[in-house]
Amino acid sequence: MVFPEYRPRRMRQNSAFRSLIRETHLSPAQFIYPIFVMPGKKVREEIPSMPGVFRLSVDQLAAEAKECLKLGINGVILFGLPEKKDAMGTGAHIKDGIIQRAIRELKNKAPELMVITDVCLCEYTDHGHCGCLINNSVDNDATLEILAKTALSHANAGADMVAPSDMMDGRVAEIRATLDENNFDNIPIMSYAVKYASAFYGPFRDAADCAPTFGDRRSYQMDPANSREALREATLDVDEGADILMVKPAVAYLDIISKLRDEFDLPIAAYHVSGEYAMIKAAAEKGWIDGDKVMEETLLSIKRAGADIIITYFAKDMARLLQK
Ligand code: PBG
């Protein structure tokens, strides 16, 4: 059937028809909200390059958790600004580290909320790289043990899931083995399987104070030009025991999300990162775009590409819009 017998516009004539044939839906239950935790008391500090996103001290977390739950968001991912940094990123795995305290507070005050932790060293090293250095280069194998220790310390504090974002080779297997040896075989790993060396992380690095003091992350994060390599990275993480595969960033990499969706049967998460959020906020503040509409269209594109789960700074805003 072709025009004039077939007319696609028939199914678009009003919102009842449009919603009847809508293929993609957003649900707050599949959003994960990132939270930045910092030392101090009663701190609620807006991040300049991420309007609407705050650095919070531990005592502010319960209120934030309750707000998320009320909006139907069931999970948060935590990033920490430690009191002290050192060459080995020790602050990442100490018992009373910022994240460990944050996890205990959240599990105490809002036990239903899923607490996911970012497992990486860049916020904890004084050089800002995601692993420890040997001769000024990030040493893969020496870093694995510290990452596994970090994941274990999160599980010990009560985390529900760990999410390694460092991009060292072999870290999923190392973390899985360490968790299993310590009776945490019920803690899943959401692997940042496909993480590109992206300039879209700029605002996050201000927020979490974790820009490298020299060089860049291109010897461990992926080259934005590569897509076959994404499949290879994801395959390795599946074989090492990942439970969820993540692609990061999201919008500039929708083709990668779609490819992973076709090739793998694990749940796929997409990280709609800080720069992607900041661009929409900035253009909306200038009055150049309708922020709410662009937010919804953007998150829909990520879902339509094949992501099940979206990690986004828009989680609360989008959940509120869906309630209207
Ligand atoms: C830690 C980490 C980063 C992000 C998440 N985990 C920064 C980086 O890799 O440089 C970025 C998230 C964002 O931009 O929103 N390695």
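**View 1. Glu145 sits in helix H4.** This close-up, like the others here, comes from a predicted model. Is Glu145 buried or exposed? Its relative accessibility is 53%, and the cut-off for exposed is over 50%, so Glu145 counts as exposed.

**View 2. Met11, Leu20 and Ile21 make a nonpolar patch on the surface.** Taken together, these three have about 280 Å² of accessible area. Have a look at Ile21, which belongs to the loop between helix H1 (15–20) and strand S1 (31–38). With a relative accessibility of 41%, Ile21 counts as partly exposed, because that label covers values between 20% and 50%.

**View 3. Strand S3 pairs with S1 and with S2.** On one pairing, S1 and S3 run parallel and are joined by three bridges. Look for Met38 here: it stands opposite Ser57 of S3. The other pairing is antiparallel, with four bridges between S3 and strand S2 (residues 44–47). Here Glu45 has Arg55 in S3 as its bridge partner. To get from S2 to S3, the chain goes through a hairpin of two residues.

**View 4. Strand S3, residues 50–57, is mostly covered.** How many of its eight residues are buried? Six of them are.

Technical notes: Residues are numbered from 1 along each chain as its sequence is written. This is a predicted model: local features need pLDDT of at least 70, side-chain atom pairs count only at pLDDT 80 or more; totals for chains, interfaces and linings use all residues. Side-chain values use heavy atoms; hydrogens and water are left out. Buried means under 20% relative accessible area, exposed over 50%, partly exposed in between (1.4 Å probe, protein chains only). Patches are made of residues with over 30% relative accessible area and no salt bridge: like charges are joined within 9 Å, nonpolar side chains (Val, Leu, Ile, Met, Phe, Trp, Tyr) within 5 Å. Accessible areas come from the Shrake-Rupley method with a 1.4 Å probe; for residues, only the protein chains shown count as cover. A salt bridge is a side-chain nitrogen of Lys or Arg within 4 Å of a carboxyl oxygen of Asp or Glu. Two strands pair if DSSP finds at least two bridges between them.
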